[in-house]
Amino acid sequence: CPHLALTPAHRLLTACCLSDMLRIYAPDTPFSTDTLKVVFELFVSQLRGVADPRGQSFARYYYLLERLAMVKSFVLMLDLNCDDLVRQLFETLFESISADHSIRVESHMLDILVTVLEEIDAIPQLLIDVILENLLASAKSEKPASYALARSLLAKCAKVLHRPLNEFMQACLPTGAATIDSDHKEEWPRLLVELASVNVDLVAYLLPQLNEVVSIDDEATRLKGVELLAELLRLPANLVHAYPQLLHALLAKFTDVSVAVRCTAIEHGISLAQQPSLTDAVVAALKERVLDPEEKVRAALVHALCDACAATVRPFGPLIESACHRMLDKREGVRSATRSRLSQLYCRHLSDGLRATGGKDTAAVELPDELRGVPKKLLQCYGVEAGRDLHSKLEIETLLATKLLPSAPELRLPALC
């Protein structure tokens, strides 16, 4: 038995032999309950050796993994009521997998994990935590193979994991009444996005509840809620068709009582407007914020808009036209930001167009129609304010001289023509 294996090599060989015995006797077992527990403790400890695919004994470790996966040996372990051992098995496999492993190794690990989840009577929260830990941002960057294994496991076991995951997430929501003991409950927004990206059915019951989350009194929670809604709407699954309330909840935050929430919602809205399925609704809502009563919000909209239009103004044409009027905003900060950013945007697109034509054919420059009016609007501002505001006059003169037109000599002269 395992206690006779005094060296690592002996323990590994013993584990391989015992795995073959379980295969021969399957579905029965030749061991007593107490002995079987010791056998599975040996299996779990030896599976750690799979972590080093370049090790001298890897072939035997792989043999052990393959036999345990093929025979579904760990089903016998579930009858021992050893939750800690089950948790150790999951931790061992998630810690052992790496990018250096072959697809076969990952497949056998996944088969073992899937078998345990499908056969276990009740999935404890500790086991859920082990899986979710590998979906966190730190795991995604530091242990990409573990992250991929966790996502594959969730995809294959969506039905059996649906209820425990919903209970966990429900208890994590700020609006939830239940409590849960988990190290990852504060990470629920990130986990919700990950789960939805794997299979939206895993969190289908939770998504409609997010409207309540972004409506509670606490500003910090509403900010997190806005970030979460934006992340969900960016998913390839295109959730807006199945859950239009997600978009409605985000657009409602454009008029939130908090300036910080409105600014955050608008910044995400600019990004989301570039998705064809969201363009019309988001741009229409953003146009209303051009006249927001708070100058920080108006300025934030201008900055986010110009950043987004650096490569192309689509689909923000109507929004640029509305933003041009902020060149005469009653607040100096908004006026200056609008004049400067739109001048820079005009210069960028004009420079790109001139370079595309070799700087020779200015008539062929395809400058977006929405930007063609920027110089005219800037000169109108100069005419309005030149006689009454010296600071504004100097600002516009500086923009005309330094930011509106390309600085490169080979482009500046054609731009004036």
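## F74 and its neighbours

F74 touches F40, F43, V44, L47, L68, L89, I112 and V116, leaving aside residues up to four places away in sequence. These contacts come from a predicted model.

F74 also belongs to the largest nonpolar core, which holds 143 residues. Six of its residues touch the most other members: F40, F43, F74, F90, L153 and L210. F40 and F43 are also among the residues that F74 touches. In soluble globular proteins, nonpolar side chains tend to be buried together.

## Overall build

The protein has 24 helices and 0 strands. Its radius of gyration is 30 Å, whereas a compact globule of 417 residues would have one near 22 Å. Along the principal axes, the C-alpha atoms fill a box of roughly 100 × 50 × 35 Å.

Take the contacts between residues at least 6 apart in sequence. Of these, 67% join residues at least 24 apart.

## Inside and surface

Of the 417 residues, 50% count as buried. The protein exposes about 20,200 Å². Carbon and sulfur atoms supply 51% of that area.

The protein carries 44 positive and 54 negative charges.

## A look at S351

Is S351 buried or exposed? S351 counts as buried because its relative accessibility is 7%, and buried means under 20%.

S351 lies in helix 20, which spans residues 332–356. Which residues does S351 touch, not counting those up to four places away in sequence? They are P406 and L411.

Methods:
Residues numbered from 1 in each chain as written. Predicted model: local features only at pLDDT ≥ 70, side-chain atom pairs only at ≥ 80, totals over all residues. Heavy atoms only, no water. Helix = DSSP H or I, 4+ residues; strand = E, 2+ residues; numbered from the N terminus. Rg over C-alpha atoms; globule rule 2.2 N^0.38 Å. Buried < 20%, exposed > 50% of the residue type's maximum accessible area, 1.4 Å probe, protein only. Contact = heavy atoms within 4.5 Å. Areas by Shrake-Rupley, 256 points an atom, 1.4 Å probe, with all protein chains shown as cover. Lys, Arg positive; Asp, Glu negative; His and termini not counted. Charge placed at Lys NZ, Arg CZ, Asp CG, Glu CD. Core = buried A, V, L, I, M, F, W, Y, C linked by side-chain atoms within 4.5 Å.
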